[in-house]
Amino acid sequence: METGLRIFFVWMHILGIALWVGPQFFLAFAWVPTSRRITDARTRVAAMRSITRRFGYIGGAGLLLIVVAGTYLISTWRDYWGIPSDVGFLELRYGWIFTIKMLLLVVMLLLVAVHVFSIGPRQIELLEAQAGGREIDEAELARLRRLSMTLSILTLAITLVIMVMGVSLSIGEYSTREI
Ligand code: HEM
């Protein structure tokens with residue numbers, strides 16, 4: 001039963017990661033270059049609004065699965081790895097890797113929040129105004145584009161590092177060594 005639960009939650013964790021990471025690569029390497037070929041500005045910005053919203057739903061669902069499954073994995077770690085309760089969490093590599101992984105997760109979520117709630121909407125608003133033929137501040141749009149690209153790259157880089165840390169946790173002969 002416990003092994004079955006473990007398999008289920010590791011699967012859920014990985015499914016969530018796939019839903020979180022996959023769309024990031026898709027947006028950067030499929031959507032961005034393809035969208036440049038849409039010559040009508042209104043169509044392009046409408047497609048951008050729709051695709052980024054759906055990206056939010058898929059990625060958000062991914063994050064939810066990651067957190068639910070991750071909570072199970074960390075609440076059962078001692079039993080799974082057979083670590084006695086008198087061994088402190090931070091006496092093992094496991095504790096340090098997990099703690100740093102969670103700190104990186106917080107940093108990543110802050111970057112995503114700035115992107116989703118501030119930079120992204122402002123960028124789309126300006127693009128819509130431009131597509132509607134209104135005068136816009138081109139320098140501001142260029143600044144938002146740069147910021148948005150920087151945030152995307154940082155988010156993806158941190159995600160990849162968090163994945164390495166997750167895999168290190170699951171390799172017991174490495175992670176359960178004393179520090
Ligand atoms: C609340 C957030 C999270 C918690 C509590 C959590 C917890 C854990 C734990 C405890 C493990 C190791 C299980 C073991 O002992 O074998 C693990 C594995 C893993 N985590 Fe997370 N994690 C979280 C978020 C993430 C995120 C955001 C990513 C990457 C996007 C990630 C990627 C991984 C990977 C790739 C593994 C290895 C899975 C395997 O093959 O066993 N985790 N996670």
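Analyst: Happy to! Just after helix 4, G133 takes a positive phi of about 85 degrees. Helices here are DSSP runs (H or I, at least four residues), and strands (E) need at least two, numbered from the N terminus. Residues are numbered from 1 along each chain as its sequence is written. This is a predicted model, where local features need pLDDT of at least 70, side-chain atom pairs count only at pLDDT 80 or more, and totals for chains, interfaces and linings use all residues.

User: Where does helix 4 bend?

Analyst: A bend is the angle between axes fitted to the seven residues ending at a residue and the seven starting there. In helix 4 this angle is about 40 degrees, and the place is H115.

User: Which helices do the buried residues of helix 4 pack against?

Analyst: A residue is buried if 20 or more other C-beta atoms lie within 10 Å of its own, exposed if 12 or fewer, and partly exposed in between, with C-beta atoms placed from the backbone. In helix 4 the buried residues include Y94, F98, H115 and L127. Contact requires such C-beta atoms within 7 Å. The packing partners are helix 2, helix 3, helix 5 and helix 6.

User: Is A131 buried or partly exposed?

Analyst: A131 is found in helix 4. Leaving aside neighbours within four places in sequence, A131 is in contact with A41, R42 and V45. Because A131 has 16 C-beta neighbours inside 10 Å, it counts as partly exposed.

User: How far apart in space are A41 and A131?

Analyst: A41 is found in helix 2, and A131 in helix 4. The two are 90 residues apart in sequence. From C-alpha to C-alpha, though, the separation is 5.2 Å.

User: Which residues form the largest nonpolar core?

Analyst: A nonpolar core is a set of buried Ala, Val, Leu, Ile, Met, Phe, Trp, Tyr and Cys residues joined through C-beta atoms within 7 Å. The largest one has 5 residues: I17, W20, L65, I66 and A69.

User: Which element gives the largest share of this core?

Analyst: The elements that give two or more residues to the core are helix 1 and helix 2. The largest share, 3 residues, comes from helix 2.

User: How many charged residues does the shell around the ligand have?

Analyst: Ala, Val, Leu, Ile, Met, Phe, Trp, Tyr, Cys and Pro count as nonpolar, Asp, Glu, Lys and Arg as charged, and the others, Gly among them, as polar. By class, the shell has 14 nonpolar and 6 polar residues. The number of charged residues is none.

Technical notes. Two residues are in contact if their C-beta atoms, placed from the backbone, lie within 7 Å.
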